[in-house]
Amino acid sequence: MTQRARKKILPISRLRRVINQEKRRGKKIVLANGIFDILHVGHVRYLEDAKKLGDILVVGINSDASARELKGRGRPIMNEEERAEIVAALSSVDYVTIFGEENAVPLIQTIKPHFHCKGTDYTEETVPEREAVLHHGGRVRITGDPKDHSTTYLLSRILGKKR
């Protein structure tokens, strides 16, 4: 793992302390989350738009076990450490953490971001973590471009199932 990525990837307990320090400095915290199995342009646009909402962008990466629960057998393609390192390499990302739940509610309850972002396959009303965000005074935002890109679609193209 690169030294730069290593500094950005934190366990949730350490992330909580770092984010509390950033908040005391007056920084606005933005949280985005996902599996990020095969990084594609849709992911990059989602995260770059999320970063525009605040000062610090935290990305929660689903663990291998939770990715498997959400996506099924054969997923994730890359393990959680590799996915975290790739996401941490993006200039828009300040911190990355790996979480084991199917949604980011426990992570939201821990770091209490000012904004929680989801991609355009959601609306602000359908975000699964919405109530947890609103409970602590945060706001839900939809970021990125239309959902024209997905890892599932890329995998089907790679495997020759779609042209």
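These notebook entries record what I looked up in a predicted model, namely its strand pairing, its helix packing and its salt bridges.

**Entry 1: conventions.** I worked with a predicted model, in which local features need pLDDT of at least 70 and side-chain atom pairs count only at pLDDT 80 or more, whereas totals for chains, interfaces and linings use all residues. Residues are numbered from 1 along each chain as its sequence is written, and side-chain values use heavy atoms, with hydrogens and water left out.

**Entry 2: the sheet.** I asked in what order the strands form the sheet. The order is β3-β2-β1-β4-β5, an open sheet of 5 strands with parallel pairing. Strands (E, at least two residues) and helices (H or I, at least four residues) are DSSP runs, numbered from the N terminus. Two strands count as paired if DSSP finds at least two bridges between them. I noted β3 (95–99) and β5 as the edge strands, each of which pairs on one side only. From one strand to the next, the twist averages 25 degrees.

**Entry 3: strand β4 and its neighbours.** I then followed β4 (residues 115–118). Towards β5 (residues 139–142), β4 runs parallel and is joined by 4 bridges. In that pairing Phe115 stands opposite Arg139, and His116 stands opposite Val140. Towards β1 (residues 29–34), the pairing is also in the parallel sense, over 3 bridges. Here His116 is the bridge partner of Leu31, and Cys117 stands opposite Ala32.

I next asked whether the faces of β4 are covered or open. Both faces are covered: Phe115 and Cys117 lie on one side, His116 and Lys118 on the other, and all four are buried. The classes are buried (under 20% relative accessible area), exposed (over 50%) and partly exposed (in between), with a 1.4 Å probe and protein chains only.

**Entry 4: helices and the sheet.** I recorded a β-α-β unit made of β4, helix α7 (residues 130–135) and β5, and this unit is right-handed. Right-handed means that, with the strands pointing away from the viewer, the path from the first strand over the helix to the second runs clockwise.

Helix α3 lies across β1, β2 and β4 and runs at about 145 degrees to β2. Contact is taken as heavy atoms within 4.5 Å. Axes are lines fitted to C-alpha atoms, for helices over the stretch in contact, and angles run from 0 to 180 degrees between N-to-C directions.

**Entry 5: salt bridges.** I asked how many salt bridges a search of the whole structure finds. The search finds 9, each being a side-chain nitrogen of Lys or Arg within 4 Å of a carboxyl oxygen of Asp or Glu. I examined several of them.

- Arg45 and Asp145 meet through their side chains at 2.6 Å, N to O. This pair links distant parts of the chain, 100 residues apart: Arg45 is in helix α3 (residues 41–51) and Asp145 is in the loop between β5 and α8 (151–158). Arg45 is partly exposed, at 38% relative accessible area.
- Glu129 pairs with Lys118, the closest N and O atoms being 3.6 Å apart. Glu129 lies in the loop between β4 and α7, 11 residues from Lys118 in strand β4. Glu129 is buried because its relative accessible area is 1%, and Lys118 also counts as buried, at 7%.
- Glu22 pairs with Arg25, with 3.5 Å between the closest N and O atoms. Glu22 counts as buried at 9% relative accessibility, whereas Arg25 counts as exposed at 56%.
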